[in-house]
Amino acid sequence: MIREVLVEPQHIVWLPWIVNYFFFVGVAATAVFTAVLFAKKAQKPTACEQSAVLVAFIGSIVAPVALTADLHQPSRILHFYTDFAWWSPMAWGAIILPLFSVAVAGYFVLTLAHNARPNLPKWLVWLNLPLLRSQGLLWTFRLFSALTAVGIIGYTVLETYQTGTRALWHSAWLLPIMLFSAWAVALGLIQFISNSRGESHSPEAENQGLQRTPLQTLLILTALSVIGLVFSNETAQRDFVLLFNGSITAYLTGICWLIALICSFLGKNHRLQWLRVVSLIGFGWWLRWVLVIQTQTIAKTNALQNPYHFDWLAVDGGLGIVGILGLAVCVSVVVGQVVSLIVKPR
């Protein structure tokens, strides 16, 4: 019997690494959509746009790390380029994801340049270059980021959709579920950053609609999409029941969704801001855990079960999840400090 040396056999295809990837890349892509919607023609980037680009930039850094870990062998990435399979969404993703990261990084730098302080430290004076404050270049990166974000959403959903052995994956409802849930998390994070920087009650934020209504709409649309997925066919209904019978994670997803929805109606209460953003993150993350990890434990086209034991002390389990979340916190702190150093107060 020939066994792989570098990759140990496993009962399920995707491990928790992929949940982190789907979560962060979805938040990053939808944050780009939000940033472009906040953009104003012939004006420098607004505070709301910059908060959205900040969320997208952090997600675009963390997501590729999680995806690389999920591949088990970083050298496998080279095969996507040396043996390009045009019929595979993952092959196209190997092209789209780096382009997306470059586009968001450029978009982020340009927003910093447009809102930079006049007296920057010497190692940051290059941000005052006239080229970086060009409206044409800014709009180029806005459109570049938006197009690659569409590609990111499309390839990640197709990558899951092509697995026809899972009724909950092979459904047109998968796209709105992933899109609306990620967008709700992204919008919640953008609102939280804007509130922390005192921008949520400015006339600019009021005019651009940075309010709780879009968040409520996205949460409700996500719930309706999940209902549509459940009732799409009999197999999906059966699998959905098995998900609720087999683990508490499905219940945690619903609880986080309810808390986030209630907190969105109480948006004027600043004490609930932390609870709202934590519940949104929990909802978006647990939803992907249920749809990706838990769904793999359901029997496929045969009578065999696919057992999965979550190990908190395993690199492919709890340590991996905590490590990626820790990376996200670290990147957020560093990037946040850099932004506060460069951007002049409004």
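Modeller: Let us begin with contact, which means heavy atoms within 4.5 Å. By that rule, and not counting residues up to four places away in sequence, isoleucine 152 touches Val25, Ala29, Ile96, Leu97 and Phe100. The model is predicted, so to speak of local features pLDDT of at least 70 is needed, side-chain atom pairs count only at pLDDT 80 or more, and totals for chains, interfaces and linings use all residues. Residues are numbered from 1 along each chain as its sequence is written, and side-chain values use heavy atoms, with hydrogens and water left out.

Biologist: How many helices and strands does the protein chain have?

Modeller: Helices (H or I, at least four residues) and strands (E, at least two) are DSSP runs, numbered from the N terminus. The protein chain has twelve helices and zero strands, and its pattern along the sequence reads α-α-α-α-α-α-α-α-α-α-α-α. Among contacts between residues at least 6 apart in sequence, 76% join residues at least 24 apart.

Biologist: What share of the residues of the protein chain counts as buried?

Modeller: Buried means under 20% relative accessible area, exposed over 50%, and partly exposed in between (1.4 Å probe, protein chains only). Of the 346 residues, 51% count as buried. A nonpolar core is a set of buried Ala, Val, Leu, Ile, Met, Phe, Trp, Tyr and Cys residues joined through side-chain atoms within 4.5 Å. The largest such core has 95 residues, and those touching the most other members are Ile18, Tyr21, Phe100, Phe108, Ile152, Leu219 and Val335. Helix 1 supplies the largest share of this core, 16 residues.

Biologist: At what angle do the axes of helix 1 and helix 5 cross?

Modeller: Axes are lines fitted to C-alpha atoms, for helices over the stretch in contact, and angles run from 0 to 180 degrees between N-to-C directions. The axes of helix 1 (residues 16-38) and helix 5 (residues 135-161) cross at roughly 145 degrees and come within 9 Å. A crossing is left-handed if the near helix is turned anticlockwise from the far one by less than a right angle, and right-handed if clockwise; helix 1 passes helix 5 in a left-handed crossing. Residues that meet there include Val25 and Ala29 in helix 1, with Ala149 and Ile152 in helix 5. For classes, Ala, Val, Leu, Ile, Met, Phe, Trp, Tyr, Cys and Pro count as nonpolar, Asp, Glu, Lys and Arg as charged, and the others, Gly among them, as polar. The contact of helix 1 with helix 5 has 13 nonpolar residues, three polar and one charged.

Biologist: Which handedness has the crossing of helix 2 and helix 12?

Modeller: That crossing is right-handed. The axes of helix 2 (residues 47-70) and helix 12 (residues 318-342) come within 10 Å, at roughly 145 degrees. This contact has 13 nonpolar, two polar and no charged residues. Valine 65 lies in helix 2 and touches Ile324 and Leu327, not counting residues up to four places away in sequence. Valine 65 counts as partly exposed because its relative accessibility is 39%.

Biologist: How many disulfides are counted?

Modeller: A disulfide is a covalent bond between the sulfur atoms of two cysteines. The rule applied is a pair of cysteine sulfur atoms within 2.5 Å, and the count comes to zero disulfides. Cysteine 256 is buried, with a relative accessible area of 16%, and cysteine 263 is buried at 5%.
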